[in-house]
Amino acid sequence: MSSSRSSAARIPLTKNSQWTLAWTSRPASDLAFGEPVGAPRTGHIDRVWAIATAVVDGLPVAVSGGSDRTLRLWDLTSGQQIGQPFTSRADYDYVESLATTVLDGRPVAVFAGGNKGIVRVCDLVSGQQVGEPFRGHTDWVKAVATTVVDGRPVGVSGGHDKTVCMWDLRSGEQIGEPFRGHTHWVTAIATAVVDGRTVAISGGHDRTLRLWDLKSGRRIGKPLRGHTYHVELVVTTVVDGQPVAISSGKDDGTLRLWDLRSRQQIGEPLRGDTGFVKAVASTVLDGRPVAVSGGIDGNVRIWDLESRQQIGKPLIGHTDQVRAIATTVVDGRPVAVSASDDCTVRMWDLSSGRRVDESPNRHTGYVSAVATTALDGRSVAVTGSYDKTVRVWDLATGEQVGDPLPGHTDMVTAVATALVGGQPAVVTGSSDKAVRVWNLRLGAQIGGPFTGHTDAVCMAAVVELDGQPVAVIGSYDETIRMWNLNTGEEIDASRASRRRWTGAVGATTLNGRPVALTVTQDGTLKVLDLTTDRSTTTSPADRHGESMHNLAVTTIGDRPAAIVASRNSSDPVTMWDLATGNALGQLPTKATGAVAAATVDGQPIAVTTSYQTVRVWKLTTRRQVGPDLHFPKPVTEVAISADGDVIVCFDRDIAVFTNTPAPREH
């Protein structure tokens, strides 16, 4: 969706004892802080009280609201306001709390404020209100947050009526009864996942934090106590693999960290050199979880949550107190956006404090597909993007190899690598329904596009059939088609097109015969013999037929195997023996996103993803290799090279983790 420019950054050639984040261009000791990116964003005619980030029409944006009763959109690449402000209706007052999410594929803002007890949803593309306002609170709404519960997007709100309410954002209906327990105003709301449960964390003027299980509607444990004044705000993040809440107390000038599993405070509070912290957000900076805070002194501070120390000097620019902070990634760098009573919105480059120069060597949209191969003795990654281009990256240097490969007229959604005529090549599929083949050495398309699908291409794999490289392509038209990459001829189109599927497609060799793997509409993993067009193995990939799936193909021992993940967060990642159809075991993780697998140093390795977390596994032992890898944005795709480099695509960015011959196991 996004068109903020992004790149695979220059990667230091440093080998460590485990997979190590290597996407920053210089060490932390060289970082400089203190300069806002560009001029402040002006437009509000009164104090700005709330801010959040989103992606709208492919652009990274900030959404701000305040006491002038408007919502405004800001292009974070150009710094310009987008369109006209959204102005509230007559029965609505200030915008005091704001969160963004995606509702039915469209970015929306959920916001509240004023004395009417109303929560509204605004479509950020059209600028129009979505549905009717949510009316359930009986007094001022002071805080909103968004999350997903049982597959449906929800909003969570708290206010002066001392309650926490949950809303179905699609239907506009309140879910269950209000959560009661606070003895004074609720002024802060955040959400997290703790031990597989989606929870809300609320804070209030009773000086406590409370945890709520959003599925059951029940309070979890006793209130968290420690603040000596009103709890003003709360956000969540992950520190050392643990879900953590960060809270601020009014007038005590502290940030406190809470372990959400044990519900205990972590260490001593974080204290700046001035008082009252009014805004905080979390992100990842140079591989470290950090908090970004702002307060009554108008300054923005960055805190290392592992060392619990302030990083660098305060970021100075606002002339009045900072009311709200949000974080995002722009041009491949972590950015904070702050809103202030000085009526301005400012954007801060957290890595260098400098404006990020635009470069043509970057994707300008979400990275949606990735694969690895070797090109002239170099390990390279090939990425496809919503910007309609295919790009090649040198994994040793992080530099783009050659020019982008244009040709597709819509977003590139599938990438697979092959050898065509003895030359390294890439097969790409797109929402334009076409399949294209490229010679990577020449940077040129081989022949014309393959056509025949009636909907967007979403999966691509390559297998050898009778000594010829064959592309196995899946589409949202629920069919599989195959093309001989040397001749460009479609293979058994009539039979292949009848093979209906849903979640994933892959290809490998089984007993010397080429096979395709598909997940069908009933949630079954099928192994299709490409020479006979028969299903040789059927395995129950998932008990939920409607679930979408992700799969990767590898070899465990001498057995071809599939690694299958489901969108259902309660289902484990399962390994299947493709020859027998028997399960080979499960990985001790819940993964709902992309998966990848490869043989590294003779060992089968898998990479699993879940939202913003990536894990690496040794499949023979089913043990995790290295720590969890956390990202500031949801992970879209992953790949692992034969050298063991793990490539992670998140938002518009590409991170590369290097490997040593003997990775440490956990």
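## Salt bridges

D286, R288 and D304 are linked in a network of salt bridges, a salt bridge being a side-chain nitrogen of Lys or Arg within 4 Å of a carboxyl oxygen of Asp or Glu. Side chains of opposite charge can pair when their charged atoms come close. The model is predicted, so local features need pLDDT of at least 70 and side-chain atom pairs count only at pLDDT 80 or more, while totals for chains, interfaces and linings use all residues. Residues are numbered from 1 along each chain as its sequence is written, and side-chain values use heavy atoms, with hydrogens and water left out.

R288 is partly exposed, with a relative accessible area of 22%, whereas D304 is buried at 6%. Here buried means under 20% relative accessible area, exposed over 50%, and partly exposed in between, with a 1.4 Å probe and protein chains only.

The whole structure holds 17 salt bridges. Among them is the one between R559 and D577, whose closest N and O atoms are 2.9 Å apart. Because R559 lies in strand β47 (residues 559-566) and D577 in strand β48 (residues 572-577), the pair ties together parts that are 18 residues apart in sequence. R559 is partly exposed, with a relative accessible area of 32%, and D577 is buried, with 6%. Another salt bridge joins the side chains of R615 and D628 at 3.0 Å, N to O; R615 lies in strand β52 and D628 in strand β53, so this pair ties together parts that are 13 residues apart in sequence.

## Aromatic pairs

The structure holds three aromatic pairs, where rings of Phe, Tyr and Trp (its six-membered ring) pair if their centres lie within 6.5 Å, and planes under 30 degrees apart count as stacked, over 60 as edge-to-face and the rest as tilted. The rings of F134 and W167 are stacked because their centres are 5.1 Å apart and their planes are at 15°. F134 belongs to strand β10 (residues 134-135) and W167 to strand β13 (residues 163-168), so the pair links distant parts of the chain, 33 residues apart. Both F134 and W167 are buried.

F450 and W483 also form a stacked pair, at 5.2 Å centre to centre with 15° between the planes. F450 sits in the loop between β37 (444-445) and β38 (457-465), and W483 in strand β40 (residues 480-484), 33 residues apart. F450 and W483 are both buried.

## A buried glutamine

Q400 lies in the loop between β33 (390-394) and β34 (412-420), and this residue is buried, with a relative accessible area of 12%. The side chain of Q400 makes a polar contact with the side chain of R391 at 3.3 Å, a polar contact being a pair of N or O atoms within 3.5 Å, of which, within protein, one must be able to donate a hydrogen and the other to accept it, and residues adjacent in sequence count only if both atoms are side-chain atoms. A polar atom of the Q400 side chain also lies 3.1 Å from the backbone oxygen of G402.

Methods:
Helices (H or I, at least four residues) and strands (E, at least two) are DSSP runs, numbered from the N terminus.
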